[in-house]
Amino acid sequence: MQTWPFWLAGIAIGGFVPLFALLSGKALGVSSGYAEACSLGKPAGNERWKLWFALGLPLGGLAGALATGGFDVAASSSAIAEQFHVHGTAQYLLLAVGGALVGYGARMAGGCTSGHSIVGIALGAKSSVVATIGFMIGGFAATWLLIALAGGVA
Amino acid sequence: MKPLVFVVSGAVFGFLLSMGRATDAAAIVGMFRLSDLHLFGVIGVAIATAAVGIALLRRANVRAADGSTIKLEPKPYHSAVLVGGIVFGLGWGLSAACPGTALAQLGEGKLYALATIAGILGGTWARTRLAQRAGAVSAAKS
């Protein structure tokens, strides 16, 4: 099976939001699942489901990769490493620093690309529109910084 | 509702992210480079579809499968939303992953996603810790 065209993936991802709400009564989100993982030492509150949801994501990724034939544990390098010539330890450092900013920023903004950009904007939330504008500003800035550091567009 | 229901829901969501190439670092770089607009299309169609679905849910005025009231509330707006968003975006660009896609990438066998996930956990922990301290300080003052 091939990966899906943008419209099919968009309908599926967007359609999953009300279906999940109908099933569970909840608005889906991912970044708060990491926050739950960070508070595992404490007694489980009402938010523990977010951790279970997050833990399901790798299983879905596995299913997707098996369906498209893209499963390959030997792929040790992200496209970001190849495009910007960052290899070995430097790549892992870049991914970890990027990840740290993602985690820190998501907790500051109160959500990520799922909870803010898809669910929140669909709900018409001002906070989600502003957060997503921030996501885009940061994303463009970081990518073009990497392009500049790598010496231009490859 | 049982944990398994949420694990399966997360798996479905991860599968959809994978099929939509949201887990493909090249697609994310391409989006910010404006050389591959695929993910802008995915996000745009997803928002529109979710909005229509939510409107239908509201009109139907139904309860969730477990009998609970469906809670779909806008997230609160505050002064840290824009700055937090920009910080998140910088990380999105540097790692070519977001919280959901990093986990789905790991499932796809991309072991380098472990570095991204470790970073996200660290950043989440740091911000939560800082916010708790600030909260403790302001509580002590008042």
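Modeller: A salt bridge here is a side-chain nitrogen of Lys or Arg within 4 Å of a carboxyl oxygen of Asp or Glu. This is a predicted model, where local features need pLDDT of at least 70, side-chain atom pairs count only at pLDDT 80 or more, and totals for chains, interfaces and linings use all residues. Residues are numbered from 1 along each chain as written, chains are lettered from A in the order written, and side-chain values use heavy atoms, without hydrogens and water.

Colleague: OK, how many salt bridges across the interface of chain A and chain B?

Modeller: The rule finds 0 there. There are 14 residue pairs in polar contact between the two chains, both residues at pLDDT 80 or more. A polar contact is a pair of N or O atoms within 3.5 Å; within protein, one must be able to donate a hydrogen and the other to accept it, and residues adjacent in sequence count only if both atoms are side-chain atoms.

Colleague: What do chain A and chain B bury between them?

Modeller: About 8800 Å², with 78% of it on carbon and sulfur atoms. That's accessible area (1.4 Å probe) lost on putting the two parts together, summed over both. On the chain A side, Tyr34(A), Met108(A) and Leu123(A) lose the most area to chain B, together 9% of what that side buries.

Colleague: And how many residues does the contact take from each chain?

Modeller: 110 from chain A and 99 from chain B, with contact meaning heavy atoms within 4.5 Å.

Colleague: Switching topic, what is chain A built from?

Modeller: It has 7 helices and 0 strands; those are DSSP runs, helices being H or I with at least four residues and strands E with at least two, numbered from the N terminus. Of its 154 residues, 52% count as buried, meaning under 20% relative accessible area (1.4 Å probe, protein chains only).

Colleague: Now helix H1 of chain B. How far does it reach?

Modeller: H1(B) covers residues 3-19 and reaches 24 Å from first C-alpha to last, close to the 24 Å expected at 1.5 Å a residue. That expectation is 1.5 Å times one less than the number of residues. Its buried residues pack against H1, H3 and H6 of chain A, together with helix H5 (99-107) of chain B.

Colleague: Is Ser9(B) buried or exposed?

Modeller: Ser9(B) counts as buried because its relative accessible area is 6%. Leaving aside neighbours within four places in sequence, Ser9(B) is in contact with Phe16(A), Phe20(A), Leu23(A) and Phe53(A).

Colleague: What happens just after H1(B)?

Modeller: Arg21(B) takes a positive phi of about 60 degrees.

Technical notes:
Buried < 20%, exposed > 50% of the residue type's maximum accessible area, 1.4 Å probe, protein only.
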